[in-house]
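Visitor: I would like to learn how to read a model like this one. Please take me through it feature by feature.

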Amino acid sequence: MGLDIVKLSEILIENGIETLAVSVPEEAIKLRCEGKIESEILMLSPTIIKKELQLLIENDITLTVGSNEELNLIEEIAEECEKDEVKVHLKIDTGFARYGFLYTDLSNILNTFENLKRIKIVGTYTHFSKPINEKWTNLQFNRFMECIEKIKQSGYNPGIIHTASSTAFLKYHRNVARFSKNRINYSRKNAYTS
């Protein structure tokens, strides 16, 4: 059976976790509305479904963005909802090939920092696709760090820098400990560790 997402989140917050991360919009809304969770909630999966985005934005859920299409839609919805600021994390695809700005398209990544009206980039992350493969994980890690350095060199703030997966966190904890936050998975519900 396991713990209820609201109960688990309350336990995590009571024990010092400041930011919760979820995989689907329903979890984010349940935490914010039913659980009355006021902590930051990061939606790790991007969405371009307007109704979902509108609900997430109205409930101050921090969004993941992996494409210009998403950025434009978020700007449009934020304006419609009269939201002055929507917090987002950029997802950089360093080899997972699921979603995110491609690490090889640095000009596109840097352009995301331009002309944002209602969007505030508060974090940047990647996800390791094969954490048991040390060579591949190190390659992804290096790609990500190169992107972060280029973002900083261009005068932009990538915000909270985070990466990993549960397996990667356990296997490479010394390497990922240098980030602002690290993600671990507990009982199929994500939480950050400081």
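Visitor: Are H2 and H3 roughly parallel or roughly antiparallel to each other?

Guide: First, the ground rules. This is a predicted model, where local features need pLDDT of at least 70, side-chain atom pairs count only at pLDDT 80 or more, and totals for chains, interfaces and linings use all residues. Residues are numbered from 1 along each chain as its sequence is written, and side-chain values use heavy atoms, with hydrogens and water left out.

Guide: Now the idea. Axes are lines fitted to C-alpha atoms, for helices over the stretch in contact, and angles run from 0 to 180 degrees between N-to-C directions. Under 35 degrees counts as roughly parallel, over 145 as roughly antiparallel, 65 to 115 as roughly perpendicular, and the rest as oblique. Here the axes of H2 and H3 cross at roughly 25° and come within 10 Å. H2 and H3 are therefore roughly parallel.

Visitor: In which hand does H2 pass H3?

Guide: A crossing is left-handed if the near helix is turned anticlockwise from the far one by less than a right angle, and right-handed if clockwise. H2 passes H3 in a left-handed crossing. Pro-25, Glu-26, Ala-28 and Ile-29 of H2 meet Glu-52, Leu-55 and Leu-56 of H3. Contact means heavy atoms within 4.5 Å.

Visitor: What classes of residue make up that contact of H2 with H3?

Guide: Classes go by residue type: Ala, Val, Leu, Ile, Met, Phe, Trp, Tyr, Cys and Pro are nonpolar, Asp, Glu, Lys and Arg are charged, and the others, Gly among them, are polar. The contact of H2 with H3 has five nonpolar, no polar and two charged residues.

Visitor: At what angle do H3 and H4 pack?

Guide: Helix H3 (residues 50-58) and helix H4 (residues 68-80) pack at about 55°, with axes 10 Å apart. H3 and H4 are therefore oblique to each other. Their crossing is right-handed. H3 brings Lys-50, Leu-53, Gln-54 and Ile-57, while H4 brings Leu-73, Ile-74, Glu-76, Ile-77, Ala-78 and Glu-80. By class, that is six nonpolar, one polar and three charged residues.

Visitor: Which residues join H1 to H2?

Guide: Start with the geometry. The axes of helix H1 (residues 5-14) and helix H2 (residues 25-34) cross at roughly 65° and come within 10 Å. The crossing of H1 and H2 is right-handed. Ile-5, Val-6 and Ser-9 of H1 touch Glu-27, Lys-30 and Leu-31 of H2.

Visitor: How many helices and strands does the chain have?

Guide: Helices (H or I, at least four residues) and strands (E, at least two) are DSSP runs, numbered from the N terminus. This chain has eight helices and nine strands.

Visitor: What share of the chain is buried?

Guide: Buried means under 20% relative accessible area, exposed over 50%, and partly exposed in between (1.4 Å probe, protein chains only). Buried residues make up 48% of the 194 residues.

Visitor: Which residues touch the most other members of the largest nonpolar core?

Guide: In soluble globular proteins, nonpolar side chains tend to be buried together. A nonpolar core is a set of buried Ala, Val, Leu, Ile, Met, Phe, Trp, Tyr and Cys residues joined through side-chain atoms within 4.5 Å. The largest one here has 42 residues, and Leu-31, Leu-63, Ile-74 and Val-88 touch the most other members. Helix H6 (residues 134-153) gives this core its largest share, six residues. Take Leu-63: beyond its neighbours within four places in sequence, its contacts include Leu-42, Leu-53, Ile-74 and Val-88.

Visitor: Where is Asp-60 found?

Guide: Asp-60 sits in the loop between H3 and strand E3 (63-65). Asp-60 counts as partly exposed, because its relative accessibility is 48%. Its phi is near 55°, a positive value in a residue other than glycine. Leaving aside neighbours within four places in sequence, Asp-60 is in contact with Arg-32 and Lys-83.

Visitor: Is Glu-82 buried or exposed?

Guide: Glu-82 has 67% relative accessibility, so it counts as exposed. Glu-82 lies in the loop between H4 and strand E4 (86-93). Phi of Glu-82 is also positive, near 55°.
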